[in-house]
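Trainee: I'd like a close look at one part of this model, the strand pairing. Start with what counts as pairing, then carry on from there into the rest.

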Amino acid sequence: MKNYEGANIRNVALVGHSHSGKTSLASAMLYTAGATQRLLRVDEGNTVTDYDEEEVSRAMSLSAATAVIEWGKTKINLIDTPGFNMFIHEAEMALPAVDAAIVVVDAVSGVEVVTERIWNYADKFALPRVIVCTRMDRERADFARVMESLTSSFGRTVVPVQLPLGAEKNFTGVVDLVKMQAYTYEMGGNGKAKIGPIPDSMAEQAKAAHEALVELVAEGDDKLMEEFFETGTIGEEHIVAGLHNAIREDKIFPVLFASGLGNMGTDEVLDFIVDYMPTAVERGTVQAAAQGDAAPAERKVSDSEPVSLYVFKTISDPFAGRITFFKVFSGVLKNDATLQNFTRNTSEKLAHLSAMQGKTAVPVNELHAGDIGAVAKLRDTLTGDSLGDKASPIQYPQVTFAEPAITFAIEPKTRADEDKLSNGIHKLMEEDAMLRFFRDPQTKEFLIAGTGQQHIEVVVSKLKNRYHTEVNLKAPKVPYRETIRGRADVQGRHKKQSGGHGQFGDCKIKMEPLQRGGHFEFVNEIFGGAIPRNFIPAVEKGIVEAAERGFLAGFPVVDFKVILYDGSYHDVDSNELSFKTAGRIAFKKAMEQAKPTLLEPIMNVEITIPDEFAGAIMGDLNSRRGRIQGMDNKAGKTIVKAEVPMAEMLSYGTDLTSMTQGRGSFSMEMDHYDFVPSANQEKIIAAARAERGEEVEEEE
Ligand SMILES: Nc1nc2c(ncn2[C@@H]2O[C@H](COP(=O)(O)OP(=O)(O)OP(=O)(O)O)[C@@H](O)[C@H]2O)c(=O)[nH]1
Ligand SMILES: [Mg+2]
């Protein structure tokens, strides 16, 4: 592939709600530009950007994928992103690498939940946005309705720069409101327009829309405003420049119309990207991550600066190894360069630079400031890292996420699977920012956490297909604990006389509660040899072992102190085992006196919902024994912070989705929680005993 300079590069992410037609639009643009030999289709499983076998089998995008389009003198780097809410972090991670987003909106459904979410992400990155309404050929596609949905969500600066010609089965193309011409297409054709005059029936509507557009463009620019007042309009050249600037400054969000599946309107989308979307060097400077209170450093997006790049994606392929995707923020990156990884303090050799066309690497020998590229086989580099010229260190901000919300216990199916599991999951974690894997120290279960049920299912499927590891998923065991609330003073005496050698151990202990997190303390206050010194550790051991096995329901007893203050022994019959047994007996007797209590893990949960669901969610949290810690309101969203018992949160992801029709999200950290006395003690004890096959004791 040719080398391109920043002014001839556009970096664009396709973002939007699931099923809105992003991958199909990317596919249509690739075909129109001659990058593929025919129009490839999601439903045929052969598109460039949905290449992964998991994506093909589900006919949906699961992770961000790049494609390159050469259109005239311009190189367009496209990043196709998933729109399904459990994979939306993949879209967010791609945003630092692009200079604009194409927000794809289904012309039938209009603005949807993820459209709004991703719009907010783009706001955070101050990213210029162009809206493409796709699926115009579908039944119930409607210009007026989709515009109404867009302006009511995103405001009056959302303005059409095209009008669709017809709709549904009769969608034939678009009217360009700058050039004031009609572009018509053949359904399923090569995507190249036939250009002609605006049909009479549309003339009036087109004129009004043209004027509205011109006025909005003039609004943002004093010079254009003058021209507009003097002549009643603006020259085409000035409109182009004015619109380009207004888009770059987020003052106008233009709307286009297309059919990806029918490959209609796509050459106009490509032209629009080239003419109106910011070039790769137009953003001027990029800010480094803030360090302390100092103003963050900046780097000019320019070939004359030292080379620096930011890694926005990693693929971990069992055969090809690691592939690292990056954006060159400054300088010119040459093949075989050795760069410093500033995040990890190592050096990396970047051999065989390429542009990725889906899964296919197209070799390039250099990449200029603003370009996107990939390289294989880096040793230590992972997503979020910054690399560059060792003499000019800079670290770019990483994209951070809330902790994943759903956790399963994961069990290898066979011994062979067990050996492969950890390696496979760690490889998958390299490419998946929202996957967690850890072992619960108490229940000893391996746990995996992700963004939702489907996310974990994809992980399980990848483990099977890529790493030949089969696993079962279960709800994780809740790691309950036991403790005491009172004190005890008891004697543990073990005596056995059965001919020959007997056994004798005798100890007196006091037991008291410790603070939460105090674990266990053992104090020896034996003076004068009531128990010989060498048997004292045996008493402690007996207590510790018994505490691990639990008293109420088999959960470990924690946060207590034992004081060993007296006892007796027998010259012949006393030995270690006898004193261990005495310790165990003492522990049990003490527990009976010391008001044993069950502790349960409590999660810190943060839930974000549209305001109208706030009441229902609070009521629901209440019924889950949750305690509200705080509430916040931001742009029509309510953020609730609460402490809720883990046992009540195991299926919360699914429940929240059904309570809010998919419009709520939440996060909680599964590997970090506190313990509090449980209000549900009796039930939990009964359930634990039943599970262990014990008879549930009748209360007397
Ligand atoms: N009729 C019609 N169908 C379309 C059009 N674009 C996409 N589709 C269909 O809509 C479905 C979803 O299209 P995709 O391109 O996979 O949508 P997406 O936005 O990439 O979806 P995610 O990857 O899940 O976010 C597929 O069955 C497509 O064939 C279109 O312009 N017209
Ligand atoms: Mg897709």
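Mentor: Two strands pair if DSSP finds at least two bridges between them. Strands (E, at least two residues) and helices (H or I, at least four) are DSSP runs, numbered from the N terminus. What you see is a predicted model, where local features need pLDDT of at least 70, side-chain atom pairs count only at pLDDT 80 or more, and totals for chains, interfaces and linings use all residues. Residues are numbered from 1 along each chain as written, chains are lettered from A and ligands numbered from 1 in the order written, and side-chain values use heavy atoms, with hydrogens and water left out.

So, E14 then. Strand E14 spans residues 308–317 and pairs with strand E15 (residues 321–330) in the antiparallel sense, over nine bridges. Pick Val311, for instance, and you'll find Phe326 as its bridge partner in E15. Three residues sit between E14 and E15, and the two strands form a hairpin. E14 also has strand E23 (residues 386–388) as a partner: three bridges join them, again running antiparallel. There, Leu309 stands opposite Leu387. As for cover, nine of the 10 residues of E14 are buried (under 20% relative accessible area; exposed is over 50%, partly exposed in between, with a 1.4 Å probe and protein chains only).

Now put another hairpin next to that. Strand E34 (residues 627–634) and strand E35 (residues 637–645) run antiparallel and are joined by seven bridges. Gly630 faces Lys641 of E35. Two residues separate E34 from E35 in this hairpin, and Ala635 in the turn has a positive phi of about 45 degrees. Most residues other than glycine have a negative phi. His19 isn't a glycine either, yet has a positive phi of about 75 degrees; look for His19 in the loop between strand E1 (9–16) and H1. His19 counts as exposed, at 58% relative accessibility. Asn345 is another non-glycine with a positive phi, about 60 degrees. Asn345 belongs to the loop between strand E17 (337–341) and strand E18 (346–350), and is exposed, with a relative accessible area of 63%.

Thr23 (OG1) and Ser61 (OG) coordinate the magnesium ion, ligand 2, at 2.0 Å. (Donors are N, O and S atoms within 2.8 Å of the metal, 3.2 Å for Na, K and Ca; water isn't among the atoms, so sites may look incomplete.) Thr23 lies in helix H1 (residues 22–32) and Ser61 in the loop between helix H2 (53–58) and strand E2 (65–71), so this pair ties together parts that are 38 residues apart in sequence. Thr23 and Ser61 are both buried.

Ser61 turns up again around ligand 1: 20 residues surround that ligand (a heavy atom within 4 Å), and Ser61 is among the closest, together with Lys22, Ser24, Gly83 and Asp137. For polar contacts (N or O atom pairs within 3.5 Å), a side-chain atom of Asp43 lies 2.9 Å from an oxygen of ligand 1.

Back in H2 you'll find Glu55, which is buried at 3% relative accessibility. Its C-alpha atom is 9.4 Å from that of Val458, 403 residues away along the chain. Finish with helix H9 (residues 266–276), where nine of the 11 residues are buried, including Leu270, Phe272 and Tyr276.

Key: A polar contact is a pair of N or O atoms within 3.5 Å; within protein, one must be able to donate a hydrogen and the other to accept it, and residues adjacent in sequence count only if both atoms are side-chain atoms.
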